[in-house]
Amino acid sequence: MRIYLSSRYSRWEEMCQVAAELLWRGHTPVGVWYDGRYDRPDRDTNPELMTEIAKADIEGLKEAELLVFFSEKPRQWNNSRNGRQVEFGYALAKGIPIALIGPRENSFHYLGEDYGIAQFEHWADFVKNGLREDISCEHISGATLISLPGQVIEESVSLPSASS
């Protein structure tokens, strides 16, 4: 399955680990924002770079079969640029299933299974109860889960930190 990871930019190193776990499980992370290439001092002030980032994000989203959206606690990051909310809206508009990891932040996060949105408290919950191998969506226990043939993966893989 081609999966786009969406989170606050400052979590890019964590997203590298998540991408590695997805690869290990046979999935293909799409989009490149989290690989560190945009970790530059002029990232927020360079209009050409911001345009390049936005275009790359849209291209990654176009390839995605699933958006995994890592939310934040309400009002925790007031200085955030909120590009991830645009990614969420794009996926919603295009009918790309969304796995929301963390708390619901706004009214769109409450739309639920009729709109292809499943909410999980933590990444490990998604891996255990939502991430499967058959790439189709099923409505299970009132939530849209990504179903895979065979059994549900029982636990998240432990990966070395990006700094090691």
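Tutor: Leu5 touches Met15, Val18, Ala19, Leu22, Val30, Trp33, Tyr34, Val68 and Phe70, leaving aside residues up to four places away in sequence; contact here means heavy atoms within 4.5 Å. The model is predicted, with local features requiring pLDDT of at least 70 and side-chain atom pairs counted only at pLDDT 80 or more, while totals for chains, interfaces and linings use all residues. Residues are numbered from 1 along each chain as its sequence is written, and side-chain values use heavy atoms, with hydrogens and water left out.

Leu5 also belongs to the largest nonpolar core, which has 39 residues; Leu5, Val68, Trp123 and Phe126 touch the most other members. Such a core is a set of buried Ala, Val, Leu, Ile, Met, Phe, Trp, Tyr and Cys residues joined through side-chain atoms within 4.5 Å. Buried means under 20% relative accessible area, exposed over 50%, and partly exposed in between, with a 1.4 Å probe and protein chains only. Elements that each supply at least two residues of this core include β1 (2-6), α1 (12-24), α2 (47-63) and β3 (66-70). Helices (H or I, at least four residues) and strands (E, at least two) are DSSP runs, numbered from the N terminus.

β1 is mostly covered, as four of its five residues are buried. The chain passes from β1 through α1 to β2 in a right-handed β-α-β crossover; right-handed means that, with the strands pointing away from the viewer, the path from the first strand over the helix to the second runs clockwise.

The open sheet has five strands in the order β2-β1-β3-β4-β5, with parallel pairing; two strands pair if DSSP finds at least two bridges between them. β2 (28-30) and β5 are the edge strands, each with a single partner, so one side of each lacks a neighbour in the sheet. From one strand to the next, the twist averages 25°.

β1 pairs with β2 in the parallel sense over three bridges, and Arg2 stands opposite Thr28 in β2. α2 packs on the sheet, touching β1, β2 and β3, and its direction makes about 140° with that of β1. Axes are lines fitted to C-alpha atoms, for helices over the stretch in contact, and angles run from 0 to 180 degrees between N-to-C directions. The parallel pairing of β1 with β3 spans four bridges. Ile3 stands opposite Leu66 in β3 and opposite Pro29 in β2.
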